[in-house]
Each structure stands twice: as C-alpha cells, then as structure tokens.
Amino acid sequence: MTTTPLPPELVSILCNEASAPDDVRTVEALVALWLADNEVEPEDESFPWSVLCVFELREHPEVLWAFIRKALTDATTVWQVVMLAAGPLEDLIADHGAEFIDRIEREARHSARFRFALTGVWPQGEGDPELWARIEKARALAMDTGIDMGGPLPAK
C-alpha cells in the first residue's frame, strides 16, 4: 500500500493539536481519523480537530488532492461526502481550481462518486466563470441524484 507523507510543518501542527493522536504522519492516517470524526452529522456546531487540521492542507494542494481522493474512496456515508465536498474539495477548487481542473474533469469522467461529491461544491466569492462552467459540466450527470437531491452514495 502506498502512503503519502504529510509535510513536516503540518505534522507539527497536527501533533500539537489538543485532541490529535500523537502520530499522524500520512494522508492515509489523517483520512481514517477524519472519516471517523465525520461519519454522522454532529448535533452541535463544533468541529473535531481533524476538520480543522484538514483546513491546513489548503496550503499544500497536492497533499489536499491526495486527501480528497483517498477520503472519497474510503467514505461510507453521504455525510462524509457532504463534509468533503463543502470543505476540502470546495477549498481546492477555490484556491487551486485552475491548476487542478483537468484532474477534476478526468476524475469526474471515471468516477460516479467523484461526480456526486462535485454536486456539493459551490463557487466561493466571485469565482472564475470559465472554471465554474467546467465544474458544472463535470458534475452534470450527477445533479439529478446528487447531494442536494438526497441521492444515495454511489458505489466505489
């Protein structure tokens, strides 16, 4: 099994976080913890440490992309995909969309689950109209059964 190391400065942030386990050094370890923290919708507005730590990945787009793909593959609930779409995936598109749009389109062509996740992503601020036209096209086949329509989680 391939592992993706987290950047050393991010490991320091994670390991110093109040509720974080002592040794989170790979994307795969972070994904497992993040999915466990986001299995069901919380009853309150608090966010677990893993959500805040994944926010730190915005500065590391390649690591964020690896996190998104692994989390989407391993997700078992719609809520996990909702959190992935409205958080890390939306952040990647907002911050690095132009750099990743070809990969996003390719992933959407080959994965119903990825198209489903794209249905939960919305433009941030003004957004780039050309980029959003490409996102809309990439997710078009999933909109009728997507997140906002209450559709089921597609198979892996």
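The buried residues of helix 2 (residues 27-37) pack against helix 3 (49-55), helix 4 (61-74) and helix 5 (78-110). Keep in mind that this is a predicted model. Let's start with that helix and then move on to the core and its rings.

**One face of helix 2**
- Val 27, Glu 28, Leu 30, Val 31, Trp 34 and Leu 35 are the buried residues here, in helix 2.
- Looking down the axis of helix 2, you'd find its buried residues within an arc of 155°, so they line one face of the helix.
- An α-helix has 3.6 residues a turn, so residues three or four places apart point the same way.

**The nonpolar core**
- The largest nonpolar core has 42 residues, and Trp 34, Phe 67, Ile 93, Ile 104 and Phe 114 have the most contacts inside it.
- Helix 5 is the top contributor to this core, giving eleven residues.
- Leaving out residues up to four places away in sequence, Ile 104 touches Trp 65, Ile 93, Phe 114, Leu 118 and Ile 135.

**Aromatic rings**
- The whole structure has three aromatic pairs.
- One of them is Trp 34 with Phe 67, edge-to-face at 5.5 Å centre to centre with 85° between the planes.
- Trp 34 is in helix 2 and Phe 67 in helix 4, so this pair ties together parts that are 33 residues apart in sequence.
- Phe 67 is buried, with a relative accessible area of 0%.
- Trp 65 and Phe 114 also pair edge-to-face, with 5.9 Å between centres and 70° between the planes.
- Trp 65 belongs to helix 4 and Phe 114 to helix 6, so that pair links parts 49 residues apart in sequence.
- Trp 65, Phe 100 and Phe 114 make up one aromatic cluster.

Conventions
Residues are numbered from 1 along each chain as its sequence is written. This is a predicted model: local features need pLDDT of at least 70, side-chain atom pairs count only at pLDDT 80 or more; totals for chains, interfaces and linings use all residues. Side-chain values use heavy atoms; hydrogens and water are left out. Buried means under 20% relative accessible area, exposed over 50%, partly exposed in between (1.4 Å probe, protein chains only). Helices (H or I, at least four residues) and strands (E, at least two) are DSSP runs, numbered from the N terminus. The arc is that of the directions from the helix axis to the C-beta atoms. Contact means heavy atoms within 4.5 Å. A nonpolar core is a set of buried Ala, Val, Leu, Ile, Met, Phe, Trp, Tyr and Cys residues joined through side-chain atoms within 4.5 Å. Rings of Phe, Tyr and Trp (its six-membered ring) pair if their centres lie within 6.5 Å; planes under 30 degrees apart count as stacked, over 60 as edge-to-face and the rest as tilted.
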